Amino acid sequence: MKNLMTSRFSLIAFGMVAALASAGAMAQATNPQDIPGHPRVSEVNQRLENQQDRIQAGVADGQLNAKQAARDEKQDANIAARESRDEAQHGGHLTKQEQKNLNKSLNKDSKRIHKQRTN
């Protein structure tokens with residue numbers, strides 16, 4: 001009888017620990033893009049996401065080869081890293097000048113992607 005009670009309590013304790021662990025994992029799994037941010041940050045992030053979609057569409061259509069896609073993705077990663085550094089310096093925000101600089105780089109990438117996809 002004592003063994004049965006001990007087993008039952010162990011099973012209940014294990015179930016509670018598993019439930020708590022899965023709740024913690026679900027909380028960490030929330031997408032950071034679901035959290036509303038500063039409008040300038042959101043704009044830059046949306047543009048980066050759009051360019052990633054365009055790169056993937058170009059690869060799927062055969063308009064971009066793997067080397068071109070890798071170069072474009074590397075450039076986008078560099079822009080995202082610059083954005084992260086700028087945000088870290090200003091508490092999660094971008095200044096107008098930082099946004100302007102990032103958009104200038106994004107414009108250059110966008111033109112290159114367009115040119116590659118139309119040739």
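S105 is found in helix α4. The model is predicted. Its mean pLDDT is 80, and 69% of the residues reach 70 or more. Helix α4 spans residues 96-118, and what covers its buried residues includes α2 and α3. Three salt bridges are counted.

**Confidence**

- The mean pLDDT of the protein is 80.
- A pLDDT of 70 or more is reached by 69% of the residues.
- Over residues 17-35, pLDDT stays under 50.
- For residues 17-35 the model has one contact beyond four places in sequence.

**Helix α4**

- Helix α4 has 23 residues.
- From first C-alpha to last, α4 reaches 32 Å, close to the 33 Å expected at 1.5 Å a residue.
- The buried residues in α4 are E98, Q99, L102, N103, S105, L106, D109, I113 and Q116.
- The cover over these buried residues includes α2 and α3, the latter being residues 66-89.
- S105 counts as buried because its relative accessible area is 15%, under the 20% cut-off.
- Leaving aside neighbours within four places in sequence, S105 is in contact with I79 and R82.

**Nonpolar core**

- The largest nonpolar core has seven residues: V41, V44, L48, I79, L94, L102 and L106.
- Helices α2 and α4 each supply at least two residues of this core.
- Helix α2 gives the most to this core, with three residues.
- V44, one of the core residues, touches E83, L94, Q99, L102, N103 and L106, not counting residues up to four places away in sequence.
- Among these contacts of V44 are L94, L102 and L106, which are also listed in the core.
- I79 is a core residue, and I79 is also in contact with S105.

**Helix α2: I55**

- I55 lies in helix α2, which covers residues 39-61.
- I55 is buried because its relative accessible area is 0%, under the 20% cut-off.
- Beyond four places in sequence, I55 touches L64, A69, D72, E73, D76 and I113.
- One of these contacts is I113, a buried residue of α4.
- The C-alpha atoms of I55 and Q68 are separated by 8.9 Å, and the two residues are 13 residues apart along the chain.

**Helix α2: R47**

- R47 also lies in helix α2.
- R47 is buried yet has no salt bridge.
- The nearest side chain of opposite charge to R47 is E43, 5.0 Å away.
- That pair is not counted as a salt bridge because the rule requires a side-chain nitrogen within 4 Å of a carboxyl oxygen, and E43 is 5.0 Å from R47.
- R47 touches N103, L106 and N107, not counting residues up to four places away in sequence.

**Salt bridge R117–D61**

- R117 forms a salt bridge with D61, the closest N and O atoms being 3.3 Å apart.
- This pair links distant parts of the chain: R117 is in helix α4 and D61 in helix α2, 56 residues apart.
- R117 counts as partly exposed, at 21% relative accessibility.
- D61 is exposed, with a relative accessible area of 53%.

- R112 and D72 meet in a salt bridge, at 2.9 Å from N to O.
- R112 counts as partly exposed, at 23% relative accessibility.
- D72 counts as buried, at 0% relative accessibility.
- R112 also forms a salt bridge with D109, and the closest N and O atoms are 3.2 Å apart.
- Both R112 and D109 lie in helix α4, three residues apart, about one turn of the helix.
- An α-helix has 3.6 residues a turn, so residues three or four places apart point the same way.
- D109 is buried, with a relative accessible area of 2%.
- Salt bridges that share partners join D72, D109 and R112 into one network.

Definitions and conventions:
Residues numbered from 1 in each chain as written. Heavy atoms only, no water. Helix = DSSP H or I, 4+ residues; strand = E, 2+ residues; numbered from the N terminus. Buried < 20%, exposed > 50% of the residue type's maximum accessible area, 1.4 Å probe, protein only. Contact = heavy atoms within 4.5 Å. Lys, Arg positive; Asp, Glu negative; His and termini not counted. Expected span 1.5 Å × (residues − 1). pLDDT = per-residue confidence, 0-100. Core = buried A, V, L, I, M, F, W, Y, C linked by side-chain atoms within 4.5 Å.
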